[in-house]
Amino acid sequence: LSEAPAVAELLAGRHYAQVDQTGQGLSLDATMLVAEFCFGLMLRREQVALIRRFLSAARGGSAEERGICHQMHMGQGKTTVVTPVLCLMLADGSRLVSCCTPAPLLDFSRAMLRERLSCPVIKRAVLTFAFDRAVRPDQAALRKLEAARSGRAVVVTSPGGLKSVLL
């Protein structure tokens, strides 16, 4: 067995860690470090940059930044890395975090979020928002969404579910 892969992993840079202005200290995003540990992966530079871009938009960037969209190719970590890290970082109890995914991918996306967010260190519930035009929104549904927000849960839904609420 070769030690090269283990050594490379240990020496790899953490793209969410930065030397401070004085050059004497180091600052890092502890949530990304915990995500790496809990998810059993290493965040790539492009993933960290994209996560930071979305966080900036979600946390009140300029009007142009708030409605951002980014296309990623298959295998770049949309469902397995970027989405779970964003959900972890945004589901802080002050906002409702929802993950809208195409209906055919709903089960896979929900399962991946549950797998990633079930680590005892970061435990987050992953709930499904199923809604259709035949159902009228009521106070019970609103209370469930409020409980999800305050409980730092992630709500998974499809575009059809969201559209049904609006209609």
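Is Ser-109 buried or exposed? Ser-109 is buried, with a relative accessible area of 7%, and keep in mind that this is a predicted model.

**View 1. Ser-109 sits in helix α6.** Its relative accessible area of 7% falls under the 20% cut-off, so Ser-109 counts as buried. Set aside the neighbours within four places in sequence, and Ser-109 is in contact with Thr-79 and Thr-101.

**View 2. Helix α5 crosses helix α6 at roughly 65°.** Here we're looking at residues 78–90 (α5) and residues 106–116 (α6), whose axes come within 10 Å. The crossing is right-handed. On the α5 side, the contact is made by Thr-79, Thr-80, Thr-83, Pro-84 and Cys-87. On the α6 side, look for Phe-108, Ser-109, Met-112, Leu-113 and Arg-116. Sort the residues of this contact by type and you get 5 nonpolar, 4 polar and 1 charged.

**View 3. Helix α2 also crosses α5, at roughly 130°.** The axes of α2 (residues 30–39) and α5 come within 11 Å. From α2, Thr-31, Met-32, Ala-35 and Phe-39 meet Pro-84, Val-85, Leu-88 and Met-89 of α5. The tally for this contact is 7 nonpolar, 1 polar and no charged. Pro-84 turns up here and in the contact of α5 with α6 as well.

**View 4. Strand β5 is covered on both faces.** In a regular strand, side chains alternate between the two faces of the sheet. In β5 (residues 154–157), Val-154 and Val-156 are on one side, Val-155 and Thr-157 are on the other, and all are buried.

**View 5. Strand β5 pairs with β3 and with β4.** β3 (residues 97–100) runs parallel to β5, and 4 bridges join the two.

**View 6. Ala-134 lies in the loop between β4 and α7.** The loop has β4 (126–128) on one side and α7 (139–150) on the other. Ala-134 has a relative accessible area of 73%, which is over the 50% cut-off, so this residue counts as exposed. Where does Lys-123 lie relative to Ala-134? The two are 11 residues apart along the chain, and their C-alpha atoms are separated by 34 Å.

Technical notes:
Residues numbered from 1 in each chain as written. Predicted model: local features only at pLDDT ≥ 70, side-chain atom pairs only at ≥ 80, totals over all residues. Heavy atoms only, no water. Buried < 20%, exposed > 50% of the residue type's maximum accessible area, 1.4 Å probe, protein only. Axes fitted to C-alpha atoms, helices over the stretch in contact; angles between N-to-C directions. Left-handed = near helix turned anticlockwise from the far one by under 90°. Contact = heavy atoms within 4.5 Å. Nonpolar A, V, L, I, M, F, W, Y, C, P; charged D, E, K, R; others polar. Pairing = 2+ DSSP bridges.
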